[in-house]
Amino acid sequence: MQVTEPRTLLLVLSGSLALTETWAGHLHHGPKDPRLEKGQTRPQPLPVIGSHSLRYLHILVSRPGHGSDLYSSVGFLDDTQFVRFSSDAANPRVEPRAPWMEQEGREYWDRQTDIAKEHSKASRSNLRVIIGNHNHSQSVPPKTHVTRHPFYDNKVTLRCWALGFYPKEISLTWQRDGEDQTQDMELVETRPSGDGTFQKWAALVVPSGEEQSYTCQVQHEGLQEPLTLRWG
């Protein structure tokens with residue numbers, strides 16, 4: 001039977017800024033710009049007529065079971081990508097994506113990288129808050145199944161799984177012919193799944209060949225009625 005993995009969640013944030021001709025002209029030129037004349041501290045505006053847009057796209061993807069979330073951001077001047085950042089890079093840094101950005105010095109890129117990393121932290125915090133608020137507004141029923149594992153001495157372990165549920169409170173009980181087997185059960189603590197939901201399992205060692213005599217009872221407020229699960 002297929003095991004359902006914790007959900008992957010996506011947070012996308014975007015921002016835009018209208019640029020004037022002068023602002024756009026000063027956007028991408030460093031202190032060594034050849035257009036600087038003697039005594040000037042800033043370059044002359046680019047001879048570009050009209051307004052322009054500066055947009056940033058920030059994406060955060062939660063990846064339960066992969067160690068860390070993926071954060072990336074991309075900057076666009078009008079429709080041209082000029083910078084990018086990805087937390088998956090070997091050495092995550094903001095990088096130029098347009099030739100006219102390559103003239104900027106290391107200090108500029110260090111500063112932009114620090115900003116990107118702060119945005120990454122803020123995005124992770126925002127995602128946790130959003131998930132928490134969403135989950136508190138409704139119940140999420142568990143995804144359930146039973147697995148069978150060889151034990152020893154002609155016995156097997158039946159494990160009853162409940163995944164991706166909210167809120168945390170849940171009941172898993174093994175029964176044989178309607179009788180609770182709680183004293184012989186192995187029941188783990190309810191654990192967070194990493195996406196705002198929870199997971200839990202209960203195991204029972206039974207004689208091989210008698211699996212059909214055992215059922216797992218699942219009760220959770222997200223279910224319309226208790227579930228009865230059986231191996232096979």
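P167 sits in the loop between β7 and β8. Strands here are DSSP runs of E, at least two residues long, and helices are runs of H or I, at least four long, numbered from the N terminus. A cis peptide bond joins Y166 and P167, with omega about 5°. The model is predicted: local features need pLDDT of at least 70, side-chain atom pairs count only at pLDDT 80 or more, and totals for chains, interfaces and linings use all residues. Residues are numbered from 1 along each chain as its sequence is written, and side-chain values use heavy atoms, without hydrogens and water.

**Overall build**
- The protein has two helices and 14 strands.
- Of its 232 residues, 37% are buried. Buried means under 20% relative accessible area, exposed means over 50%, and partly exposed lies in between (1.4 Å probe, protein chains only).
- Among contacts with a separation of 6 or more, 54% link residues 24 or more positions apart. Contact means heavy atoms within 4.5 Å.

**Nonpolar cores**
- The largest nonpolar core has 21 residues, and C160, L172, W174 and V218 touch the most other members. Such a core is a set of buried Ala, Val, Leu, Ile, Met, Phe, Trp, Tyr and Cys residues joined through side-chain atoms within 4.5 Å.
- β7 (155–165), β8 (171–176), β12 (198–207) and β13 (214–219) each give two or more residues to this core. β7 gives the most, with five.
- A second, separate core holds 15 residues, including F82, V94, W109 and L127.
- Beyond its neighbours within four places in sequence, L172 contacts several residues, among them C160, M185, W201 and V218.

**Positive phi in loops**
- D78 is found in the loop between β3 (70–77) and β4. Its phi is near 55°, a positive value in a residue other than glycine.
- D78 counts as partly exposed, at 27% relative accessibility.
- D177 lies in the loop between β8 and β9 (179–180). D177 is not a glycine either, yet has a positive phi of about 50°.
- D177 is exposed, with a relative accessible area of 61%.

**Second largest pocket**
- The lining has 13 residues, and Y56, S73, Q112, I115 and H119 lie nearest the pocket centre. A pocket is an open set of points on a 1 Å grid over the protein atoms alone where a 1.4 Å probe fits, with protein on both sides within 12 Å along at least five of seven lines; lining residues have an atom within 4 Å of a point.
- β2 (52–61), β4 (80–86) and α2 (106–136) each supply at least two lining residues. α2 supplies the largest share, five residues.
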